[in-house]
Amino acid sequence: MKSFNGRVAAITGAASGMGRALALALAREGCHLALADKNAQGLEQTVALINTSTLAPVRVTTQALDVADRQAMEDWAARCVAEHGQVNLVFNNAGVALSSTVEGVDYADLEWIVGINFWGVVYGTKAFLPYLKACGDGHVVNTSSVFGLFAQPGMSGYNATKFAVRGFTESLRQELDLQRCGVSATCVHPGGIRTDICRSSRIDANMTGFLIHSEQQARADFEKLFITDADQAANVILQGVRKNKRRVLIGRDAYFLDLLARCMPAAYQALVVFASKRRAPKVRRPVFETNDEPRL
């Protein structure tokens, strides 16, 4: 797919961040849009930005929904085709973060992140795939993460979902190549992108004193890792679609961690442990009082 002009793209997580940036970039190329997010107000703001930043008129529809709701996703996909006549691209972009130890993580939090980060991608892919095939010219773009290539402590739920998205999408791409149906798939692995994911993330209390000093400090440090602009990320993704890439890395941090995982597929974990120990809160040793006289 070399051109997006006149095509129709469905984007989840379109109320902010990369989802919004993708919507704006596609609209500027004349692509019609079906946008979804739980944040209805954010969706309205995205539409307003599209209307003020694009010269060519494009059709934009919005839907407030939870990507973890399978029926809602299936209904939205059918609605997109009814409203636009077809769908050529689907960007399963919505995602959240969770920080917790494996031992201390609550099952409800694990179900929350798996529902959005993994099942949201699965539902979006399966709901739209028949419509993409019907067009004979389509593309599925699923957002994983650099942490779908490289794991870190305290993020087991996030790592698990992003590794799962990677495996799911790579398998899908191979099936589509075998079927020669005109549809392809790309897995996106962003590094630190300046989005709202930090604000929507959950940080369990069990992390305090283990890997972080406080929740506030952890969020501040997390945002320091966001070194790539969302608009830059959107442009890299769309270029990857044009080139029909299987994998798209975004940001120099993503390239570095990918290289580290390739060169040291198991040994990198020891480096992460070493770095985590240096950054973790220092455990103060107890001071015991004694009445013993000093020895000469």
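**Close-up views of a predicted model**

**View 1. Arginine 180, an exposed residue with positive phi.** With a relative accessible area of 78%, arginine 180 is exposed (exposed means over 50% relative accessible area, buried under 20%, partly exposed in between; 1.4 Å probe, protein chains only). Its phi is positive, about 50 degrees, although the residue is not a glycine. Arginine 180 sits in the loop between α5 (156-179) and β7 (183-190); helices (H or I, at least four residues) and strands (E, at least two) are DSSP runs, numbered from the N terminus. The model is predicted: local features need pLDDT of at least 70, side-chain atom pairs count only at pLDDT 80 or more, and totals for chains, interfaces and linings use all residues. Residues are numbered from 1 along each chain as its sequence is written, and side-chain values use heavy atoms, with hydrogens and water left out.

**View 2. Asparagine 244 in the loop between α8 and β9.** This loop joins α8 (230-242) and β9 (247-250). Asparagine 244 is not a glycine, yet has a positive phi of about 55 degrees. Its relative accessibility is 33%, which counts as partly exposed.

**View 3. The largest nonpolar core.** A nonpolar core is a set of buried Ala, Val, Leu, Ile, Met, Phe, Trp, Tyr and Cys residues joined through side-chain atoms within 4.5 Å. The largest has 44 residues, and those with the most contacts inside it are Ala10, Trp76, Val87, Phe128, Val140 and Phe150. Elements that give two or more residues to this core include β1 (8-12), β2 (32-37), α3 (70-84) and α4 (107-135). The largest share, 8 residues, comes from α4. A second, separate core of 34 residues includes Ala21, Ala27, Ile193 and Ala233.

**View 4. Phenylalanine 150 and the residues that it touches.** Leaving aside residues up to four places away in sequence, phenylalanine 150 touches Asn159, Phe163, Leu257, Leu260, Ala261, Tyr268 and Val272 (contact means heavy atoms within 4.5 Å).

**View 5. The buried and exposed faces of α9.** The buried residues of α9 are Asp253, Ala254, Leu257, Asp258, Leu260 and Ala261. Seen down the helix axis, they fall within an arc of 160 degrees, so they line one face of α9; the arc is that of the directions from the helix axis to the C-beta atoms. These buried residues pack against β7, β9 and α10. The face turned away from the buried side carries the exposed residues Arg252, Phe256, Arg262 and Cys263.
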